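I opened this entry to keep track of what I looked up, chain by chain and contact by contact. Have the structure beside you as you read along.

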Amino acid sequence: MSTSRLREILKTFRRNPLGVVGVSILCAFLFVTVFADVISPYDPYERVGKPFEKPSTTHLLGTNDIGQDLLSEMIHGARISLGLGFVAATIAMTIGTVVGVVAGYAGGIVDTILMRMVDIVLVIPFLPLMILLAALLGPSFWNLVLVLSVIIWARPARVIRAQVLSLKERGHVVAARSTGGTVAHILFHHVIPAVLPLSLAQLILATRTTILIEASLSFLGLGDPISKSWGTILYYAQARSAFLTGAWLWWILPPGLLISAAVLGFAFTGYALEETVNPRLRGRR
Amino acid sequence: MTEIGALLKLRDVSTSFFIDQGEVKAVSDVSLAVRRGEMIGLVGESGCGKTTLGLSIMKLIDAPGRIIGGEIWLNGVDLMQKTEKEMRRIRWKDVALIPQSAMNALNPVFKIGQQIVESIRAHERVTTKAAWSRTKELLDMVGIKAERVRDYPHEFSGGMKQRVSIAMALACSPELLLSDESTTGLDVMTEAQVLGLINELQSSLRMAVILISHDLPLVLDISDSLAIIYAGKLVELAEAKGFAARPVHPYSQGLIHSIPRIHGEQETCESIPGSPPDLIHPPEGCKFHPRCAFAEPVCGEDEPELLEQADGRLAACHFAERFGGRGDVQS
Amino acid sequence: MRKFLLGKILQYAIVMAVVVSLNFLLPRLMPGTPIEMLGGEGVWLLSQAERDAITAKHGLDKSLGQQYIQYLANLFRGELGHSYNWGQPVGQMIAKRLPWTLLLTGTALILSTSFGILLGTFASWRRGKKSDILSISASMTVSSMPSFWLGMVLVAIFAVQLKLLPVFGARSPWTDYTGFRLVLDVLEHLILPVTSLVLLTLSGNFLLMRYSMLDVLGSDYVFMARAKGMTEGAVVYRHAMRNALLPMATAFMLNVGFMFSGAIVTETVFAYPGVGRMMYEAALARDYPLLQGAFLVISITVIGANLLSDFLYPLLDPRVRRPSREH
């Protein structure tokens, strides 16, 4: 991708109000993730108070059932939730981009087989399959990453393939093909650079999905019980029936709002970016 | 060209589109009369406002567009005074339209018969049965077998779809028919057939037809008169007979010269240099002068009015007499 | 048309085969010994004879091919094994729970689709820069919330704090309502879980319908309907909406799968006695036969719903029902 194209994308992107809001949210979360140790008042794994404490000046969001500081848990939870979501989405997108580029560029029987696989993955109800996989594999960070990426790649693969199909007909790619450029040359010099911005948009949108699903799986008790994500906090809140008491205000509401805000940040950014790199979508609003 | 007893009279009609960048003056101060049974060609390049003018007659201009002034008299009634509800009754009953892209003008999920029947029943109190049998007659009239009345649009070819559109336009026997580039996109053979059909129906049904087109040679032969439009303004209004030999306005000359001459010696198809003007910031003076080969300083300062020439035609050019229209300098 | 449907049947048959094979292969390919996967974590507490019985039952001493045939044969007889925890046949357990899940997801699906259509149509009508950004950001915000969390918040507010609706379950315990009173009781319990499931998919339906409607309203045939002097109602409802609904039909199918996924977490939050909650309990207890059975049944239901929609779609779109003769 040339720098002028990059600059043009940045310029269009900045004019999109949703995109600006999205990026601001993501920057805030990035800050929290990087400086979690500095910001959080306590070690989230230490018992620093009595169980089920109400919010106070010492514990702004109270404590959980074993006396750990909830605010510190949530700050550190950003690392697990966002990190896991991002790693899983990156793996899924790599698979999706490769499948999309290969299917779109090769065409014929390769395309048919790959797209059939995509159809199959899209039809199977994803959460039941993930639960089955997660239950069989056992709870751990990397198992969750594996389970998520195995399912998420299909949709982006379809989007990327469509883009590659239309690229194939464009002037410079047709020219490179007809003058006998090698497949590797065409792919790495013409197709992949042109697809990357769209991949990036899809990556951001996929992260939104992985964060949400990770939260669901952890909430169901299938996440890593040791490294606590926002979903895990909610799992314990549910297990201790926090919503039956006043504790829902500080134990249930904040982690959910954090998940929503993070997901919204990725959604806004992804949509704006998709609209920027894919002018055909601009009329959508 | 007389206005007395005319079916349609436009007086100073102006239509603009108000977009972020400013006001696009798509049609400005157009006055025009169409007699009963007349076939008039409304010709200009794409983007010159001819479609907007046509749709203004039906008051089908949507936001951000608006008819900002003028009178539209149809059958002695000023449509500008009509409410949207009243217009609904006038549309199709008094003035119908053969659309620009027949390919997409038919709703894909309804049978063509249903689409014609609904337009009949929207305007006339007839039984469903009567409407269906009239629909079959209409299809027959445009050369489509009546049994295809229950087919869907996608089951017809492009030319056939255009015939269906014509049958639909005739559903309520309108006195005025607008044909908006209705043969664009068809192959040459089909184009000739469809145009021939419109011509034939026009004379047998005694309808007035406004033939909107970018292709002057195509409509020249079948029109009674011609209205040439440039940058939203009428620049020449003349009888079609003999027009090709003596177009007055330099723009009309350019349109005529776009005809490829197969038998001509050395003469090649020349298109008009330059591109249509920006309608938000149109040029001062004559709107055509930046592209005009004969332009003189006055053309960039004063806008010429549409004036009657000695032979009865109207032209808007400072030097009309030079091009054969013995100009009348007094205003 | 025939070709289209045969193609669809083949496609779903392949998906079905993949699901069944996954169900067979997964426990056998996982790290650890298959006997633990198939016999449960407590298998090592059993005597050698009992372990041998499990090995023989699943044919674990035979080749993978033979095991697969045995597995398929069992499946065809409707034999899904027995739950470790409950000792009951998995098939029966699921049959008892499935109606509740169907009631929950079906209601949510119908409501979400109808509201999506209504709101989307309305928004496309009232188009404007400000209201556009507002409606888009609002719907994106709603779709960013985890549905189980929304469920928890709904319970905390409407059931616990305001005491307007029941906290959990599908029916009030220790009652023997009949007739109208029973229906009312079931509906009361349905409101909150359905709401959180509807919110899960509503914004997607809304945005799609709005986009689809805008697309159609700008089409030539809608313009023609106006030119023909049709009434506003006929233009919007007959000509525009009828076409704008076509993409909604496809979205409906995707939503079926989505709803069943959502049902697992929603049923868990509301302690709703459906297949979803059962799957959750089975996952926590590592009750593999029950877990696999639930996965199989949910998959079959979703695939069946997809197939049904594919069979109904041609009724909506004549271009699929009667492919062109001319081309």
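A working rule before I start: I call two residues in contact if their C-beta atoms, placed from the backbone, lie within 7 Å. I also kept in mind that this is a predicted model.

**Entry 1: a helix in chain B.** I began with helix α9 of chain B, residues 250-257, and looked up its buried positions: B:Pro250, B:Tyr251, B:Ser252, B:Gly254 and B:Leu255. What do they pack against? I found β3, α8 (216-220), β9 (225-230) and β10 (233-239) of chain B.

**Entry 2: the sheet of chain B.** In chain B, eight strands make an open sheet with mixed pairing, and I noted the order as β6-β7-β8-β3-β9-β10-β12-β11. The edges are β6 (95-98) and β11 (307-308) of chain B; each has a single partner strand, so one side of each has no neighbour in the sheet. I reminded myself that strands of a sheet pair through backbone hydrogen bonds, either parallel or antiparallel. Which sense do β3 (residues 39-43) and β8 (residues 208-213) of chain B take? Their pairing is parallel, over five bridges. For one residue I wrote down the partner too: B:Leu42 is bridged to B:Ile212 in β8(B).

**Entry 3: a glutamate in a loop.** I stopped at B:Glu155, which sits in the loop between α5 (128-141) and α6 (158-169) of chain B. Is B:Glu155 buried or exposed? It counts as buried, because it has 20 C-beta neighbours inside 10 Å. I also checked B:Glu155 against B:Ile112: the two are 43 residues apart in sequence, and their C-alpha atoms are 9.9 Å apart in space.

**Entry 4: chain A by itself.** Chain A has 12 helices and zero strands. Its C-alpha trace spans about 75 × 45 × 30 Å along the principal axes. Of its 285 residues, 49% count as buried. I looked at contacts in chain A with a separation of 6 or more, and 71% of them join residues 24 or more positions apart.

**Entry 5: two helices of chain A.** Helix α1 (residues 3-14) and helix α12 (residues 248-277) of chain A have axes 9 Å apart and pack at about 125 degrees. α1(A) and α12(A) are therefore oblique to each other, and their crossing is right-handed. Who makes the contact? I listed A:Ile9, A:Thr12 and A:Phe13 from α1(A), with A:Ala272, A:Leu273, A:Thr276 and A:Val277 from α12(A). By class, that contact has five nonpolar, two polar and no charged residues.

**Entry 6: between the chains.** Which of the two touching pairs of chains has the most contacts? I found that to be chains A and C. Chain A gives 40 residues and chain C gives 47 residues to their contact. On the side of chain A that touches chain C, α12(A) gives the most, with 10 residues. That side of chain A divides into 31 nonpolar, five polar and four charged residues.

For chains B and C, the contact takes 25 residues from chain B and 20 residues from chain C. On the chain B side, α2 (84-90), α3 (102-105) and α4 (112-121) each supply at least two residues. By class, this side of chain B has 12 nonpolar, seven polar and six charged residues.

Last, I checked chain A against chain B: no contact joins them, and their closest C-alpha atoms lie 15 Å apart.

Technical notes:
Residues are numbered from 1 along each chain as its sequence is written. Chains are lettered from A and ligands numbered from 1 in the order in which they are written. This is a predicted model: local features need pLDDT of at least 70, side-chain atom pairs count only at pLDDT 80 or more; totals for chains, interfaces and linings use all residues. Helices (H or I, at least four residues) and strands (E, at least two) are DSSP runs, numbered from the N terminus. Ala, Val, Leu, Ile, Met, Phe, Trp, Tyr, Cys and Pro count as nonpolar, Asp, Glu, Lys and Arg as charged, and the others, Gly among them, as polar. Axes are lines fitted to C-alpha atoms, for helices over the stretch in contact, and angles run from 0 to 180 degrees between N-to-C directions. Angles under 35 degrees count as roughly parallel, over 145 as roughly antiparallel, 65 to 115 as roughly perpendicular and the rest as oblique. A crossing is left-handed if the near helix is turned anticlockwise from the far one by less than a right angle, and right-handed if clockwise. Two strands pair if DSSP finds at least two bridges between them. A residue is buried if 20 or more other C-beta atoms lie within 10 Å of its own, exposed if 12 or fewer, and partly exposed in between; C-beta atoms are placed from the backbone.
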